[in-house]
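Student: Could you show me how to read cavities and salt bridges in a model like this one?
Tutor: Gladly, let us look at it together.

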Amino acid sequence: MNQVPTGLSPQSRFGGYRIEEFIGAGGMAAVYRAYHEGMGREVALKVLATALAGDQAFVRRFAREAHLVAKVEHPHIIPVYDAGDERGVPYIAMRLVRGGDLRAIVSREGYMSAGRAAAFLSPVASALDSAHEAGLVHRDVKPANMLVDVGRGRPEHVYLSDFGLARGVDTVSLSTGDLTTPGQFMGTPEYAAPEQITGGEVNGRADQYALGCVAYTLLTGQVPFAREQAIAVMYAQLYDAPPLVTATRRDLSGAVDQVLARAMEKKAEARFDSCIAFADALRDALNLPGWGTTGSLPAFPPAVPRQEGQQSSAYSRTQLAPRQQGREQSQAPPGAPPNFVSRVGTWTAVVAADRAYYDSVWAADMSPDEIVPFPAGTPVRRFTLAGGELLIGRRSVSRNIHPEIDLTLPNGGPTDVGVSRLHAKLVSGPEGSWSLIDLGTENGTLVNGREMRQGDIVPLRDGDRINLGMWTVITITRE
């Protein structure tokens, strides 16, 4: 792997970081494993190539990446901790992800099972939709930009990374020229939508097209249009029909070909309405349970970009202010599923500490004494769901608050004080179903990376992830 010239080597110092190891390089920057002594953690340090530091167009594009990523907070978008420049060379410090990227995994292991491929595609689809709702188009969605974090005893966690080519949806024409010259193609031909190649107007459906190409790669181990030259690849993207997944994977249904054909339609308006709509349709075609963000679920509010000048040191919902203390009445809220019954004994809420979510909450510009340390070694706890409704929160003996899913750790363990006393409520529905209701906590609740509004009733599915507080994750399983 060739290094982009940056003048950095192991043990050298750059921007307050100690360089530990070269990780990889792209066309304009190198990435290093680095250590910040003041914060006591390792990061992935992305440094612009020295030869490009004098090119103001590249410098602006590089600096803009950190600003764009900071606008969208999502557990499957790589967290940016810090950004700046050293001696005129800009850098970005991001979460260090140790599991490699999907390109390396496919190269090493070949095509993936349907379940594993969908487990990567659905979170990335959700992350892309959040970026689109915030007014951003990624424009370089590909396996190499999907990083996989791994750890003992927990599932693989995928991050969408490298927003270096991202543009606002109102200024994404390739011929507008402020950061790309007229007619210049920016992106990766194997995963580029036709309108991106021709310099047309690009919106979130271009990222959906690319995600369709990624889905083909994960399911077959190949790119959809394999050609010897880039110009031939781009021609195929413009004029050739998408290849059939079932030509390689005889074990899959022809419905998979139909879903990918729609996501990879040449005309953007013929594609799905959103990336998660595509991902859910693909799960249906693969005969997999839904991921829990569309279908019968209510609409979530759009992701809210952080305003200029707003403090970016921590997730805006995580404030240690007094919480709502009054117990909610145990009754079905308006619009809740009818016939609340106790036929739910096979459902379980698995409570754990989520490092990825924690890293999206705390940012690098906070002083070490402000940061609540991540509770490494926190035990995983399981709560069987039974009864008509279950409160989620922290116990308070003095206030007579005793949630059924008590997130106060026993034996004086580190409790997530970002969780409200009465944070959310699970209510049972017909045929053993469960739904989640946010009780109006200031800190908010996320389901599969999307924030709920007070009073929303979100039907839950097997595998759904609920994030709350500073690090708490509740995975809903049906055994």
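Tutor: Keep in mind that this is a predicted model. Let us begin with the lining of the largest cavity, which is made up of 8 nonpolar, 3 polar and 2 charged residues.

Student: How does one find such space, and how many cavities of 30 Å³ or more are there?

Tutor: Rolling a probe the size of a water molecule over the atoms shows where empty space is left. Here the count is 2 cavities of that size, and the largest holds about 100 Å³. Its lining has 13 residues, with Val351, Arg381, Leu409, Trp471 and Thr472 closest to the centre.

Student: Which strand gives the most to that lining?

Tutor: Strand E11 (residues 347-353) does, with 3 residues.

Student: And how should I read salt bridges?

Tutor: Side chains of opposite charge can pair when their charged atoms come close. The whole structure has 22 salt bridges. One of them joins Asp354 and Arg465 at 2.7 Å, N to O. Asp354 sits in the loop between E11 and helix H9, while Arg465 belongs to strand E20, 111 residues away.

Student: Is Asp354 buried or exposed?

Tutor: Asp354 counts as buried because its relative accessibility is 7%, under the 20% cut-off. Arg465, at 21%, counts as partly exposed.

Student: What does Lys425 pair with?

Tutor: Lys425 forms a salt bridge with Glu389, their closest N and O atoms being 3.9 Å apart. Lys425 is in strand E15 and Glu389 in strand E13, so the bridge ties together parts 36 residues apart in sequence. Lys425 is buried, at 4% relative accessibility.

Key:
Residues are numbered from 1 along each chain as its sequence is written. This is a predicted model: local features need pLDDT of at least 70, side-chain atom pairs count only at pLDDT 80 or more; totals for chains, interfaces and linings use all residues. Side-chain values use heavy atoms; hydrogens and water are left out. On a 1 Å grid over the protein atoms alone, a cavity is a set of points where a 1.4 Å probe fits but cannot get out, and a pocket is an open set with protein on both sides within 12 Å along at least five of seven lines; lining residues have an atom within 4 Å of a point. Grid points are joined across faces, edges and corners, and a volume is the space filled by probe spheres set on the points. Helices (H or I, at least four residues) and strands (E, at least two) are DSSP runs, numbered from the N terminus. Ala, Val, Leu, Ile, Met, Phe, Trp, Tyr, Cys and Pro count as nonpolar, Asp, Glu, Lys and Arg as charged, and the others, Gly among them, as polar. A salt bridge is a side-chain nitrogen of Lys or Arg within 4 Å of a carboxyl oxygen of Asp or Glu. Buried means under 20% relative accessible area, exposed over 50%, partly exposed in between (1.4 Å probe, protein chains only).
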